[in-house]
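Have a look at the model first, and then we'll walk through a few of its parts.

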Amino acid sequence: MEIAVIGAGNVGGTLGKRWAKAGHEVAFGARDPADAKVSALVRESGPSARATSVPEAVRPAAVVVLTVPWDNAHEALSAAGDLRGQILIDATNPVPLTPEGLRQGLVIGHTTSGAEEIAR
Ligand SMILES: NC(=O)c1ccc[n+]([C@@H]2O[C@H](COP(=O)([O-])OP(=O)(O)OC[C@H]3O[C@@H](n4cnc5c(N)ncnc54)[C@H](OP(=O)(O)O)[C@@H]3O)[C@@H](O)[C@H]2O)c1
């Protein structure tokens, strides 16, 4: 199966590597596909993995997995474009970055949910 993983950090890197090793075609959609950390992840993931731009990763994918920080979700989904007809797995949590550089609290969650906002 062709899987696009948007975000090549802790969550996306772990999932993408496992799926690639299980034989799926995994494209990591990154802001900078040539970044050294992304290149290392692709090497570790094996021949079924590659890194590319977000729209290039998403285009052939049957399943798209969103694994970026909440503050970057809108930007990443805008870059991904129209996802109608594709399955989107949303791994994000609506956790903001505080001025101290910590991720804590919830941006939303009392009248709506992160998943509802991502679906919109
Ligand atoms: N569901 C769960 O159980 C669970 C558990 C832990 C975390 N999470 C959530 O999963 C998400 C990711 O967490 P994490 O720990 O993996 O974060 P992380 O290690 O900081 O990785 C985030 C990745 O997203 C990339 N990114 C940011 N903006 C992007 C964009 N516009 N386009 C493409 N890539 C972009 C970053 O790359 P660059 O900044 O280098 O471009 C980085 O590779 C968060 O929303 C977190 O709350 C969920």
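## Strands side by side

In which sense do strand β1 and β4 pair, and over how many bridges? Strand β1 (residues 2-6) runs parallel to β4, with four bridges between them; strands here are DSSP runs (E, at least two residues), helices are runs of H or I with at least four, both numbered from the N terminus, and two strands pair if DSSP finds at least two bridges. Val5 has Val65 of β4 as its bridge partner.

On to the next pair: β4 and strand β5 (residues 87-90) are also joined in the parallel sense by four bridges, and Val65 is partnered with Ile89 of β5. Going from β4 to β5, the chain passes through α4, and this β-α-β crossover is right-handed (clockwise from the first strand over the helix to the second, with the strands pointing away from the viewer).

## Two faces of β4

In a regular strand, side chains alternate between the sheet's two faces. In β4 (residues 63-66), Val63 and Val65 point one way, Val64 and Leu66 the other, and all are buried (under 20% relative accessible area, 1.4 Å probe, protein chains only).

## Around the ligand

A backbone N or O atom of Val68 sits 2.8 Å from a ligand oxygen, while a side-chain N or O atom of Glu75 is 3.3 Å from a ligand nitrogen.

## About the model

This is a predicted model, where local features need pLDDT of at least 70, side-chain atom pairs need 80 or more, and totals for chains, interfaces and linings use all residues. Residues are numbered from 1 along each chain as its sequence is written, and side-chain values use heavy atoms, leaving out hydrogens and water.

Key. Polar contact = N/O pair within 3.5 Å; in protein donor to acceptor, adjacent residues only side chain to side chain. Buried < 20%, exposed > 50% of the residue type's maximum accessible area, 1.4 Å probe, protein only.
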